[in-house]
2 protein chains.
Amino acid sequence: MKPTPANLPPVLKRLGELIGPDLERTNAIILEQLNSQVELIPKLGAHIIESGGKRLRPVLTLLSAKLFGYTGRDDALLAAVVEFIHTATLLHDDVVDRSDTRRGRATANSVWGSKAPILVGDYLFSRSFQILVAHADLNVLRIIADACAVISEGEVMQLVATNDLTTTEEHYLEVVRRKTATLFTAAAQIGAVLNHRSRAEESALAEYGTLLGIAYQVVDDALDYSASNEALGKNVGDDFQEGKITLPVIHAYRHGTPEERAFWSDCLEKREFPEGALQRAIQLVRERGSLDYTLARAKTFADEAKAQLAILPDTPEREAMAMLADFSVARSY
Amino acid sequence: MKPTPANLPPVLKRLGELIGPDLERTNAIILEQLNSQVELIPKLGAHIIESGGKRLRPVLTLLSAKLFGYTGRDDALLAAVVEFIHTATLLHDDVVDRSDTRRGRATANSVWGSKAPILVGDYLFSRSFQILVAHADLNVLRIIADACAVISEGEVMQLVATNDLTTTEEHYLEVVRRKTATLFTAAAQIGAVLNHRSRAEESALAEYGTLLGIAYQVVDDALDYSASNEALGKNVGDDFQEGKITLPVIHAYRHGTPEERAFWSDCLEKREFPEGALQRAIQLVRERGSLDYTLARAKTFADEAKAQLAILPDTPEREAMAMLADFSVARSY
């Protein structure tokens with residue numbers, strides 16, 4: 001069920017109180033900077049950006065800036081850049097995965113075909129660096145440029161590991177760290193940089209972001225075998241159909257009988273899906289304790305994320321960051 | 001026919017004498033910076049980068065730096081970045097156009113499918129900014145970031161104009177200026193920036209790059225209706241098959257009989273190709289004087305490019321730039 005004001009999770013309500021106006025400034029900048037004489041660009045960009053999404057990454061930037069009492073205007077600008085880069089990766093991901101649903105609506109590639117999202121994704125990347133060159137200091141530029149390179153490396157790693165059941169949990173986590181957590185790292189770190197805080201505080205925020213991002217992605221990968229389509233906003237079983245080797249599968253395969261391993265291999269490596277394959281996969285992941293294992297791993301990462309916050313000022317923003325870590329594991333969507 | 005030492009065009013021989021070692025430094029940096037723990041990245045990157053290509057854009061950077069007596073090492077680094085960005089756009093272009101041949105060999109997408117080139121292209125973009133943040137001044141960063149945004153806008157404009165025979169020559173030239181000439185502009189301009197030259201000299205070099213880039217692309221679009229596959233290094237008629245509205249078509253359509261216009265519309269707008277369509281298109285483009293017109297337009301741009309050089313120091317590098325402008329029109333590949 002999508003959150004409405006009535007059933008809003010406490011953390012989102014708290015975020016609204018703490019950084020509601022900042023998020024609105026961020027959204028205004030996103031729409032403003034999305035502008036281009038080439039009409040298709042704002043149109044396609046708005047399709048995905050306005051479809052909602054949880055704005056988790058810009059939230060991290062805004063929270064971490066405010067945690068140290070930041071009162072300037074650059075926090076929203078950088079939060080907008082972080083969301084632009086996230087959006088660019090989503091556009092390209094959906095083309096690569098041939099996904100047809102995201103955030104409960106048709107993906108850009110299913111509306112416009114794959115060509116426009118590739119090029120508009122490139123535009124959003126470029127636009128991000130344009131904004132940074134015009135407004136940000138070299139440290140922020142370095143953080144974002146490094147993040148983008150690591151993210152695309154992670155995406156290529158994930159592609160190479162597709163359909164390969166010999167993928168280890170360690171390799172899976174390395175892919176997750178790169179392709180998903182890296183932007184969380186950068187988003188949280190930027191707040192400390194904006195406030196010229198100590199190296200220790202900057203590292204703590206960066207590490208909090210990394211661990212939160214890993215927890216978030218690991219839960220996402222669990223939800224692909226458990227949530228309802230409606231709750232997930234995309235199709236349950238997408239990872240399975242695409243042959244992505246995620247933690248629930250790695251665990252279920254490792255603990256499966258020879259017959260079960262043959263089933264996983266048929267589906268994920270040979271791409272031969274017997275009738276009712278997804279239902280059986282969901283059942284096996286549950287029976288083998290792989291879903292519980294995956295969520296337990298995610299909880300460990302979320303707890304480690306919270307532990308990073310100890311050295312930071314004890315403020316409402318820090319408290320909200322701890323709530324976000326809990327929420328990343330507790331969420332059902 | 002591909003150039004060999006024996007039949008090397010005079011301009012390429014001259015470039016070898018002037019900046020041969022610098023081009024070698026550039027190539028070494030390209031291979032070094034292409035490195036990644038993720039094996040597929042250097043592998044796919046090398047496939048396209050080592051396939052040759054004329055290295056026109058890095059040549060511009062090296063020539064323009066040397067024109068003012070530059071003796072530092074950053075020229076090759078920036079030339080490598082320019083080639084990285086060019087390569088990223090080629091990888092994405094070939095996916096968007098579903099091209100199967102480039103520079104006389106299979107495109108990355110026809111070898112690895114479309115997923116890897118999208119992600120490796122993203123990596124090359126990101127890597128370029130990483131290198132710039134670590135080594136270049138903010139002016140160069142701004143030039144490259146601006147160029148990337150304009151290039152991707154141009155690509156989207158071209159996509160929108162596909163299959164649309166109402167495209168005007170003016171609109172076509174604006175697309176060419178953005179998607180192709182912009183990187184020539186930046187490549188040439190950087191040399192002046194590296195040497196801290198006057199605004200007038202920087203502008204002259206930038207304008208030279210723009211006009212050369214337009215001439216180059218306009219000739220390329222003519223060759224798509226005239227060269228042999230072997231000479232072109234890609235398939236003749238690719239633009240025609242893809243419904244790209246280039247200058248030869250715009251001219252032939254404007255000057256065609258009603259029956260000829262119906263033919264162009266069937267092929268380019270409705271994508272219904274009668275038997276022998278490409279042969280007929282090539283014939284019409286020739287008979288209507290559209291090929292001559294297109295090449296004459298290109299020659300005007302090349303001449304204007306040369307005229308920009310007047311205010312620059314009279315050096316062998318300037319002479320080579322003038323030769324490049326002539327070559328862009330005279331080349332048959």
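1. Basis of the comments. The model is predicted, so that local features need pLDDT of at least 70 and side-chain atom pairs count only at pLDDT 80 or more, while totals for chains, interfaces and linings use all residues. Residues are numbered from 1 along each chain as its sequence is written, chains are lettered from A and ligands numbered from 1 in the order in which they are written, and side-chain values use heavy atoms, with hydrogens and water left out.

2. Nonpolar core. The largest nonpolar core has 241 residues, and the members that touch the most others are Phe240(A), Trp264(A), Phe240(B) and Trp264(B). Such a core is a set of buried Ala, Val, Leu, Ile, Met, Phe, Trp, Tyr and Cys residues joined through side-chain atoms within 4.5 Å. Buried means under 20% relative accessible area, exposed over 50%, and partly exposed in between (1.4 Å probe, protein chains only). With residues up to four places away in sequence not counted, Phe240(B) touches Asp224(B), Tyr225(B), Phe263(B), Trp264(B), Cys267(B), Leu268(B), Phe273(B), Ala277(B), Leu278(B) and Ala281(B); contact means heavy atoms within 4.5 Å.

3. Helices H6 and H7 of chain B. The axes of H6 (residues 115-135) and H7 (residues 138-161) in chain B come within 10 Å and cross at roughly 165°. H6(B) is therefore roughly antiparallel to H7(B), and the crossing is left-handed. On the H6(B) side, Phe125(B), Phe129(B), Leu132(B) and Val133(B) meet Val140(B), Leu141(B), Ile144(B), Ala145(B) and Cys148(B) of H7(B). By class, this contact has nine nonpolar, no polar and no charged residues.

4. Terms for the helix pairs. Helices (H or I, at least four residues) and strands (E, at least two) are DSSP runs numbered from the N terminus. Axes are lines fitted to C-alpha atoms, for helices over the stretch in contact, and angles run from 0 to 180 degrees between N-to-C directions. Angles under 35 degrees count as roughly parallel, over 145 as roughly antiparallel, 65 to 115 as roughly perpendicular and the rest as oblique. A crossing is left-handed if the near helix is turned anticlockwise from the far one by less than a right angle, and right-handed if clockwise. Ala, Val, Leu, Ile, Met, Phe, Trp, Tyr, Cys and Pro count as nonpolar, Asp, Glu, Lys and Arg as charged, and the others, Gly among them, as polar.

5. Helices H7 and H8 of chain B. H7(B) and H8(B) pack at an angle of about 165°, with their axes 8 Å apart, and are therefore roughly antiparallel to each other. Their crossing is left-handed. The contact of H7(B) with H8(B) has 13 nonpolar, six polar and five charged residues.

6. Positive phi values. Asn163(B), in the loop between H7 and helix H8 (169-194) of chain B, has a positive phi near 65° although other than glycine. Asn163(B) is partly exposed, at 24% relative accessible area. Arg55(B), likewise not a glycine, has a positive phi of about 55°. Arg55(B) lies in the loop between helix H2 (40-49) and helix H3 (56-67) of chain B and is buried at 14% relative accessibility.

7. Buried helix residues. Pro58(A), in helix H3 (residues 56-67) of chain A, is buried with a relative accessible area of 0%. Pro58(A) touches residues including Thr26(A) and Glu83(A). Ser290(B), in helix H15 (residues 290-308) of chain B, is buried at 0% relative accessibility. Among the contacts of Ser290(B) are Pro248(B) and His251(B).
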